[in-house]
Amino acid sequence: MKIVKNFSICREESKRYALKTLEFLSNILTPKSLRIQLLVYLWLGVGGTLVAESIISARIEKAEATESALRHLSNIASSISLISKEWTTNFSQTLSVLSTSPPIRSLNRAESSLLFNKLKLVFPYRHWRLWDKQGNLVASSAISITPDSSALMRNRKYFIDAINGKDSISIRPHCLMNKPCFILNKPVHANYPALTGFHRSKPIGVISSVVTLDDIEKNSNLDYYQDGLILHGNENVSPPIVTSFQNKIYMGTEVFIVSSTGHLIFPISKINDSLSLKKPSELMKTMWAPFIRLGIQKKPDTNGEEVVISGHKYFVFTRRVSPTWNVVALTNTTTALKEMDAEMALKDVFRILGLLIISAITYFIAGRFTDPLNTATNAIKKLSLGKFDLAIRTTRRDEIGDLFTNINSLSSNLIRLIKQEKESVVTQSQVKTAKKIHEDFIVKLLPNDTHIEIAATFLPAYELGADWYDALQIGDITFFLIADVCDKGIPSALFMSVFRSLVRFAFEDEYAEHGAEKIETVLLNTVSRVNNYIANTHSHSAMFATMFMAAYSPKEDHIHYVSAGHEKIIIIKPSHINSMLDTTGPIVGIFPEAIYSVEQASFQPGDILFGYSDGLVDARSPEGKAWGFKMLKDSLLDIDPNITSADQVMNQILEKVERHRDGAERFDDLTLLVIKSL
């Protein structure tokens, strides 16, 4: 019974696990998005086909690339074998002929040296030495050498073999110019009887032909074939990587010649030359051992072997050079198949790009059916995350159109509520206090009299503004000003109070010193003092203001004015010809010691001066279109100064700009200053 119970429990667990697995697969294959569902089916169908095609193509191309790599490696081995065979034959024959020459057979030092030096012209990379049978150096080619002592020479195996009538070879370190070299030795016989044979007589000395390992490729002309053999004829690639196990370089290709006794010569590369100086017993303890064994086997010519060392696979070809020397050519399979791997990777990239392009097109087409629902879903999601600044454009009149309209209304109401909350960060009592202080800076009672009529208004974008106007009458001279501090809001309002106080103080101080007779000096010094103070004291705040300040006396038919980077002031004439006053200096507060000038402008009875801040021309409609300077000029041309008061001019312009704004949020502070000469 216990076994049956445990079996039932296991069956229930397996059933529950299977149901969860099916649910998981169902969620993957049938996502909630219709677009994604279509893409999943597309990727399963087209993607599966592309994967299968890629696997089959990779196998075919790998087989072809392997065959090409083996063929190339075979060509390397065969070419090196042929060239080496020609070189060793030439090397040996040259030394044989040289050993039979009279100067050599007679061990004549002077004539042998002369002969060696002549041979240097024909074989610049070969060197010769002549020894007597006691091991004394008789002659050598003209190079700097320090010969071994005769006792040492008599004990060297290659010397002993040669003096006993056998050809011998050796690889010695530091034998020429402190470089390792390859040495071929032949016995020298005193007589050369035609019938009895050269080798019947006992040798009287040894002649050696020496080539440094560095010069073997030049001496054998292998340097001429090197790039073509290793690079497979491709001149547009970087230099080939040479395999060097002792230097932990497992990639690349290498070619070496191995003797039947296990000595190595690397005829092309230099990185492995140190191995030529090692004993065969030492070499067989290195990672080169498997390749050396292939090279010294009785039948060295192979059609390609695979050798694996430390997880790296190599293709190996061997070719015979002579009965005692064979060529071994090897290449790492990763190196051999690198080009194929790059091509396959590129093809895979194109397959993926193709699938992505098809997916994008499919996604776009599906969007024509799912976009309206997704748009509504995403909009509601944004609202739930607190992202209220959205507007869904639609011209639809169906249920979806109603849905979009309701979402837009909800968004607008939320934005308005959030804005109200943000504007209430500063307590209402603090804002009211600041607003009261700010309003105190604005002139309430304008100095109107029988000679001049002044109308002005200030409409801030926020509760606190940064524009201001001012008017002051001293004697029969009326001073008036309109200015605009950069930006808007509380920081700009604070700087507005600084600017306004500085202007008032500087003006009254300058007027007290110079009086009405030097009104130009009063205006000029006032602007300069304010500019220098702000620029030098508050430059880190990067706050500035544009300003128009003027003085008018009814005794004169003109005004004196300074315009510091302010908007163009317009004077309306009864003749319906309006004039505009250009700036006479830069904005105030940026450039210390800025230069300003005081200019005059005609201002006669009946003329109306219209001053404004940029909030007038920048007033935006609900669509975001600015009212613009052209609309202002056209509106002022419709005004007849003879029958229009300053108040009427101001109200007419305000009415037009408010009609353009049509309830849209105020873009910037708006200030107007209208003065009529009576």
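The paragraphs below treat the sheet, then the helices, then the cavity.

This is a predicted model, in which local features need pLDDT of at least 70, side-chain atom pairs count only at pLDDT 80 or more, and totals for chains, interfaces and linings use all residues. Residues are numbered from 1 along each chain as its sequence is written, and side-chain values use heavy atoms, without hydrogens and water.

An open sheet is formed by 5 strands in the order β12-β13-β14-β15-β18, with antiparallel pairing. Strands are DSSP runs of E with at least two residues, and helices are runs of H or I with at least four, numbered from the N terminus; two strands pair if DSSP finds at least two bridges between them. Because β12 and β18 (599-602) stand at the edges with a single partner strand each, one side of each has no neighbour in the sheet. From one strand to the next, the twist averages 20°. Between β14 (residues 545-552) and β15 (residues 558-564) there are 6 bridges; A551 has H560 in β15 as its bridge partner.

Helix α15 lies across β12, β13 and β14, at about 20° to β12. Helix α16 (residues 519-537) lies across β13, β14, β15 and β18, at about 15° to β15. Contact here means heavy atoms within 4.5 Å; axes are lines fitted to C-alpha atoms, for helices over the stretch in contact, and angles run from 0 to 180 degrees between N-to-C directions.

The whole structure contains 1 cavity of 30 Å³ or more, a cavity being a set of points on a 1 Å grid over the protein atoms alone where a 1.4 Å probe fits but cannot get out, with lining residues having an atom within 4 Å of a point. The largest cavity holds about 130 Å³ of space, the volume being that filled by probe spheres set on the points, which are joined across faces, edges and corners. β12 (467-474), β13 (477-485) and α15 (490-514) each supply at least two residues of its lining.

Key:
1 Å grid on protein atoms, 1.4 Å probe; cavity = no way out; pocket = protein on both sides within 12 Å on 5 of 7 lines; lining within 4 Å.
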